[in-house]
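Subject: Structure handover

Hi,

Here is the structure I promised to pass on.

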Amino acid sequence: SRPALEDVAAEIERLGGRALVLPADVADADAVRAAADAVERSLGPIDVWVNNAMVTVFGRVRDLTPEEIRRVTEVTYLGSVHGTLAALRHMLPRDRGLILQVGSALAYRSIPLQAAYCGAKSAIRGFIDSLRSELIHDGSRLRVTMVHLPAVNTPQFDWARSHMPRRARPVGAIFDPDGIGRAIVRAAADPKREHWLGFTTAEAIIGTQALPAYADYRAAFTAFEGQETDEAETPDRPDNLFQPVPGLHRTHGRFAGQEQGLALSTTGTAARGFAFLAGLAVAGGIGYAARAARRRVRA
């Protein structure tokens, strides 16, 4: 909402920065393009563009409506597409700039009760991967990076639409949004192909790639109760799927006493390399044990 954006602008200006308030629905491509044009006119060339807007609906697939799925897709996936296109329009002629996409561990490891959101985050990853290859082919100096997040204590669990009987909560370890914000700034200053934030993100991504069927079963038996508190959901409470919810704008959600600091931040390449070496070590150990067993049998 405009009042929430104006609060953020006032905070930025107190800290010595400049801010421009541009209320817009990211699902509207023309509105996003107009916002980018306004930024260039008022603040100068865009150096970094961050796509982060999202909405979600908690509930089983059978309980979702087509309209809800469409809206999650339009905001979470197409909103990032529209932002990327608006940024490219200004950055490509200058042959410089960075597009930073805030992703999620759920872009790799889908979980129950969040099918629309997981589908949108997976789609974003596919879109960004295609764009990255095109920029490489063209020899462009534009940079594209994705920062994949774990569960973060934001207000989304208070204002997201839910069909669950109990109030929603982040699944797994819950991380402090301030540490996540600082990590995103660092990723913008030193962009890699992907940045994975939090040990649970690396665990989810590598586990899914190594043992996808096991990951399916683990999600089936841990992610249902893991996304619900003991508190009953309030029927017909306001949600932000189609319009802002006034009065809930803040950085931290209601899980302040359960937050963890960001102890691990790695690039996807480094994490995959470590996992590959660990796999070689395990395979080598198994091979050594098998050879030793054969020698004992011969003896």
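This is a predicted model: local features need pLDDT of at least 70, side-chain atom pairs count only at pLDDT 80 or more; totals for chains, interfaces and linings use all residues.

Numbering starts from 1 along each chain as its sequence is written, and side-chain values use heavy atoms, with hydrogens and water left out.

Overall picture. The protein chain has 9 helices and 12 strands (DSSP runs, H or I of at least four residues and E of at least two, numbered from the N terminus). It has 299 residues, and 41% count as buried (under 20% relative accessible area, 1.4 Å probe, protein chains only). Take contacts (heavy atoms within 4.5 Å) between residues at least 6 apart in sequence: 78% join residues at least 24 apart.

The sheet. Three strands form an open sheet, ordered β5-β8-β11, with parallel pairing (strands pair if DSSP finds at least two bridges between them). β5 (151–152) and β11 (259–260) are the edges; each has a single partner strand, so one side of each lacks a neighbour in the sheet. Strand β8 (residues 174–175) pairs with β11 over 2 bridges. F175 sits opposite Q260 in β11.

α7 (residues 199–210) has 12 residues. From first C-alpha to last, α7 reaches 16 Å, close to the 16 Å expected at 1.5 Å a residue (1.5 Å times one less than the number of residues). Its buried residues are T200, T201, A202, A204, I205 and T208. They pack against β4 (143–149), β8, β9 (194–197) and α8 (212–222).

Best wishes

Note on methods. Buried means under 20% relative accessible area, exposed over 50%, partly exposed in between (1.4 Å probe, protein chains only).
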